[in-house]
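Student: I have a new structure to learn. Could you walk me through it, one feature at a time?

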Amino acid sequence: MPQVELIDMRTEFLETRKQATFSRRLLEAVAHRVDNGEQTIILLNRRGFSSFVACRSCGERVQCMNCSVTLTFHRRDRRLLCHYCNYAERVPTHCPKCQSEHIYFIGVGSEKVEEELHREFPKARIARLDRDTASAKRQYEAILQGFREASYDILVGTQMIAKGHDIPNVTLVGVVSADVGLGLPDFRAAERTFQLLTQVAGRAGRGNLPGIVLIQTINPDHYAVRMAAAQDYQTFYEKELQFRRMMHYPPFSAMANILVRSEQQEQAMRLSTELGHFLTPAPEKIKIMGPAEAPVPRLKKEYRYQFLIKAASRTALNEMLRRAQTFARESKWSATALVIDVDPLTLL
C-alpha cells in the first residue's frame, strides 16, 4: 500500500497567509513527478469552476429558478448550471438584486483545479475527467486510455477517477479537499468519505515504483479522514458502528424517509402537517422525526418536506408506511405527492 500523508490546510494558511488550493507539499510532489516522467492523479469531488456566484455589495447568491440551490459556475461553457435539474443561465454582469457590478466567484471545482495546475505547470500535459468532460462512455474511455498510454502527466477529476483504474505509472495521488462530503446532512457522510479516500489512495503505486498519497484537509482529526490515511478499516468500522448504535441508525434500526411534495409550498406544508397529525403519537419502538424541510427544500419546481422514521423492527415500520399510503390515498393526494424510500441511500 502507498504511504499516506495528511496535510492540515489550517496550518498551511497560518504559515503562508494565503488561501491556496494546493499546499506547498503537494505542489513539490507534483513537480517531482512531472520532472521524472511519472504520473499524478488529483481528486476533488466537486465539478465546475466555482461553487457559486455572489454579489460583494449585497451578498445575493445566484440560485436555480427550479431548486433551492446555488448555481455552479462552469467556465468552459461560460454558464451557471444547476447540478440537480440541469437548468442553465448566462453569467450575470450585474447583481440581479441590487444591480451592482461587483460579482465574484466563490469555491473551487475540478475545472478550476485543472486551470490552476496549468498555471503552476505550463509544460505538463493535463486531462480532466468528470461529468462535464466525459458525458458519454466513449469520451470517458478515450481520456482514461490517453492517461494509461502516458499521453498525460496529470489527471484531474471527481470520484470517477477514484475507482478501479490500474495505471502502474501513477506514483502520486493528491486529494485537494478531503472534507467536501463530511458536512452533508446524511448519516452516511463519514462512511462515504472513508470509502472515497481509501479507493483513490489505492490508485497510487500499483506498479514497480512506490506511491504516495497526499490528503489535504481542514479536519485532520476526524476519524474518517484519520482512518482512511492509516488504511485502518477495522478501527473505522468500530467507530462508525458506535456512532450508529448511539443514534439508532442502520444497521441498528430499520429506517425510511417519507417525502411530501407539491409545486405549491402552502400545499406541501399542509399535506405534511396533516400526515404528521395522522402518524402521531408514534407506536412503541418507532421514532418519527419531522415533518421538516428537506435538506434541498425545493427541487425541480417542487417543494419538499420529509419525515425520517426509525423503527426497532421492519414489521412495525412496514405497518406504519402502509398506514401513510392508505391515508394519502383516502385523502385523494396526487400520485406524486407522497414518496416513500425504505433504507434510503441518501437523505438529501
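Tutor: Let us start with the aromatic rings. This is a predicted model, and a search of the whole structure finds 10 aromatic pairs.

Student: How are the rings of Phe 194 and Phe 236 placed, and why is the pair called stacked?

Tutor: The general idea comes first. Two aromatic rings are described by the distance of their centres and the angle of their planes. Here the centres of the Phe 194 and Phe 236 rings are 4.1 Å apart. Their planes are at 0°, so the pair is stacked.

Student: Where in the chain do Phe 194 and Phe 236 sit?

Tutor: Phe 194 is in helix 5, and Phe 236 is in helix 7, residues 233-247. The two are 42 residues apart, and the pair links distant parts of the chain.

Student: Let us stay with helix 5. At what angle does helix 5 pack with helix 6?

Tutor: The angle is about 25°, and the axes are 9 Å apart. Helix 5 covers residues 189-201, and helix 6 covers residues 223-230. Angles under 35 degrees count as roughly parallel. Helix 5 and helix 6 are therefore roughly parallel to each other. Their crossing is right-handed.

Student: Which residues of helix 5 and helix 6 meet?

Tutor: From helix 5 come Ala 190, Phe 194, Leu 197 and Thr 198. From helix 6 come Tyr 223, Ala 224, Val 225, Met 227 and Ala 228. By class, this contact of helix 5 with helix 6 has eight nonpolar residues, one polar and no charged.

Student: Now the sheets. How do I read one?

Tutor: The strands of a sheet pair through backbone hydrogen bonds, either parallel or antiparallel.

Student: How many bridges pair strand 2 with strand 10?

Tutor: Five bridges, in the parallel sense. Strand 2 spans residues 39-43, and strand 10 spans residues 170-175.

Student: What is the strand order in the open sheet of four strands, and is the pairing parallel or antiparallel?

Tutor: The order is 13-14-12-15, and the pairing is antiparallel. Strand 13 (286-299) and strand 15 (338-342) are the edges, each pairing on one side only. Direction ignored, neighbouring strands of this sheet are turned by 20° against each other on average. Strand 13 and strand 14 (residues 302-311) run antiparallel, joined by eight bridges. Within that pairing, Met 289 stands opposite Leu 308 in strand 14.

Student: Which strands does helix 8 touch as it packs on the sheet?

Tutor: Helix 8 (residues 265-279) touches strand 12 (254-262), strand 13, strand 14 and strand 15. The direction of helix 8 makes about 20° with that of strand 14. Helix 9 (residues 314-330) also packs on the sheet, touching strand 12, strand 13, strand 14 and strand 15. The direction of helix 9 makes about 170° with that of strand 15.

Student: How do the axes of helix 8 and helix 9 cross?

Tutor: They come within 11 Å and cross at roughly 135°. That makes helix 8 oblique to helix 9. The crossing is right-handed. Helix 8 brings Glu 274, Leu 275, Phe 278 and Leu 279 to the contact. Helix 9 brings Met 320, Arg 323, Ala 324 and Phe 327. Six residues of this contact are nonpolar, none polar and two charged.

Student: Last topic: the backbone in loops. Which residues does a cis peptide bond join?

Tutor: One joins Pro 250 and Pro 251, with omega about 15°. Pro 251 lies in the loop between helix 7 and strand 12. Another joins Thr 280 and Pro 281, with omega about 0°. Pro 281 lies in the loop between helix 8 and strand 13.

Student: What is the phi of Arg 17?

Tutor: Phi is positive, about 60°, although Arg 17 is not a glycine. Arg 17 has its place in the loop between helix 1 (9-16) and helix 2 (24-36).

Note on methods
Residues are numbered from 1 along each chain as its sequence is written. This is a predicted model: local features need pLDDT of at least 70, side-chain atom pairs count only at pLDDT 80 or more; totals for chains, interfaces and linings use all residues. Side-chain values use heavy atoms; hydrogens and water are left out. Axes are lines fitted to C-alpha atoms, for helices over the stretch in contact, and angles run from 0 to 180 degrees between N-to-C directions. Angles under 35 degrees count as roughly parallel, over 145 as roughly antiparallel, 65 to 115 as roughly perpendicular and the rest as oblique. A crossing is left-handed if the near helix is turned anticlockwise from the far one by less than a right angle, and right-handed if clockwise. Contact means heavy atoms within 4.5 Å. Ala, Val, Leu, Ile, Met, Phe, Trp, Tyr, Cys and Pro count as nonpolar, Asp, Glu, Lys and Arg as charged, and the others, Gly among them, as polar. Two strands pair if DSSP finds at least two bridges between them. Rings of Phe, Tyr and Trp (its six-membered ring) pair if their centres lie within 6.5 Å; planes under 30 degrees apart count as stacked, over 60 as edge-to-face and the rest as tilted.
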